[in-house]
Amino acid sequence: MIADSAAVTDVRAMESLLVERAVQGDESAFRDIFETYRDRVHRVAFRVVKNHEDATDVAQDVWISLHKNIAGFRHDSSLGSWLHRVTVNAGLMHLRRHKRHTGHVELRESNSPRHDDMFARIEMREFLNAIERAWDDLAPMHREVLELRVTQDRSLPEIAEQLKISVPAAKTRVHRARRKLAGLAET
């Protein structure tokens with residue numbers, strides 16, 4: 001039991017160090033986080049959205065959010081637990097956005113993981129660039145509310161309290177900020 005506790009402490013210390021390095025702009029630290037949790041994030045996303053293509057989209061959303069907002073990680077839980085929660089939330093948001101498209105069947109399974117991996121990296125880079133441009137174009141009010149909701153996984157009442165607004169106003173701001181970000185990313 002004591003050995004398990006020490007192992008958990010070591011993992012948390014390693015995660016904290018990686019997060020701190022990533023916050024300081026160390027891309028290799030972010031890459032290490034990505035390599036460590038990539039499969040887990042995709043598996044969680046798949047469990048929520050039920051198909052590989054959408055799970056890949058959700059996972060990309062998670063990695064983009066983490067890259068932009070890693071400083072918001074509060075160390076209240078393990079990085080893995082936090083990423084799990086962010087992934088579930090991103091998957092649920094994806095399902096809400098694509099309600100009318102549920103039930104489509106994936107027509108093919110990839111038989112060339114190396115080929116798919118290369119295209120996934122290119123798409124991820126393009127997607128990250130689009131999101132980064134869109135993020136920069138967001139009004140500060142929208143950036144702030146998205147950081148609280150998505151990155152810090154704050155509830156609407158918590159957001160309302162922090163911003164000193166009503167819960168319905170917080171809900172409206174989150175909704176408008178998401179729409180605005182999605183619209184900017186598509187252009």
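1. Helices here are DSSP runs of H or I with at least four residues, strands are E runs of at least two, and both are numbered from the N terminus. Under that definition the chain has 8 helices and 0 strands. Read along the sequence, the pattern is α-α-α-α-α-α-α-α.

2. The model is predicted: local features need pLDDT of at least 70, side-chain atom pairs count only at pLDDT 80 or more, and totals for chains, interfaces and linings use all residues. Residues are numbered from 1 along each chain as its sequence is written, and side-chain values use heavy atoms, with hydrogens and water left out.

3. On burial, a residue is called buried under 20% relative accessible area, exposed over 50% and partly exposed in between, with a 1.4 Å probe and protein chains only. The areas come from the Shrake-Rupley method with a 1.4 Å probe, and for residues only the protein chains shown count as cover. Of the 187 residues in the chain, 34% are buried.

4. Aromatic pairs come next. Rings of Phe, Tyr and Trp (its six-membered ring) pair if their centres lie within 6.5 Å; planes under 30 degrees apart are stacked, over 60 edge-to-face, and the rest tilted. By this rule there are 2 aromatic pairs. In one of them, the ring centres of Phe30 and Trp63 are 6.3 Å apart and the planes stand at 90°, so the pair is edge-to-face. Phe30 belongs to helix H2 (residues 27-49) and Trp63 to helix H3 (residues 52-69), so the contact ties together parts that are 33 residues apart in sequence. Phe30 counts as buried because its relative accessibility is 12%. Trp63, at 3% relative accessibility, also counts as buried.

5. Which geometry do the rings of Phe34 and Trp63 have? Their centres are 5.0 Å apart and their planes are at 75°, so this pair is edge-to-face. It links distant parts of the chain, with Phe34 in helix H2 and Trp63 in helix H3, 29 residues apart.

6. A salt bridge is taken as a side-chain nitrogen of Lys or Arg within 4 Å of a carboxyl oxygen of Asp or Glu. The count by this rule is 3 salt bridges. Arg97 and Asp61 form one of them, with the closest N and O atoms 3.5 Å apart. Arg97 lies in helix H4 and Asp61 in helix H3, so the pair ties together parts that are 36 residues apart in sequence. Arg97 is partly exposed at 40% relative accessibility, and Asp61 is partly exposed at 22%.

7. Glu35 and Arg38 form a salt bridge in which the closest N and O atoms are 3.0 Å apart. The two residues are separated by about one helical turn, because they are 3 residues apart in helix H2. Glu35 has 41% relative accessibility and counts as partly exposed; Arg38 is partly exposed with a relative accessible area of 27%.

8. Asp26 forms a salt bridge with Arg21, the closest N and O atoms lying 2.9 Å apart. Asp26 is partly exposed at 27% relative accessibility. Arg21 is partly exposed at 27% relative accessibility.

9. Surface patches are made of residues with over 30% relative accessible area and no salt bridge, with like charges joined within 9 Å and nonpolar side chains (Val, Leu, Ile, Met, Phe, Trp, Tyr) within 5 Å. Lys and Arg count as positive and Asp and Glu as negative, while His and the chain ends are not counted. A charge is placed at NZ of Lys, CZ of Arg, CG of Asp or CD of Glu.

10. Glu53, Asp57, Glu123 and Glu126 form a negative surface patch. H3 and helix H5 (113-137) each supply at least two of the residues in the negative patch. Glu53 is in helix H3 and is exposed, with a relative accessible area of 53%.

11. Arg40, Arg43, Arg47 and Lys50 form a positive surface patch. Arg47 lies in helix H2.

12. A last point concerns His98. This residue is in the loop between helix H4 (79-97) and H5, and His98 counts as partly exposed at 30% relative accessibility. The C-alpha atoms of His98 and Asp54 are separated by 9.8 Å, with the two residues 44 apart along the chain.
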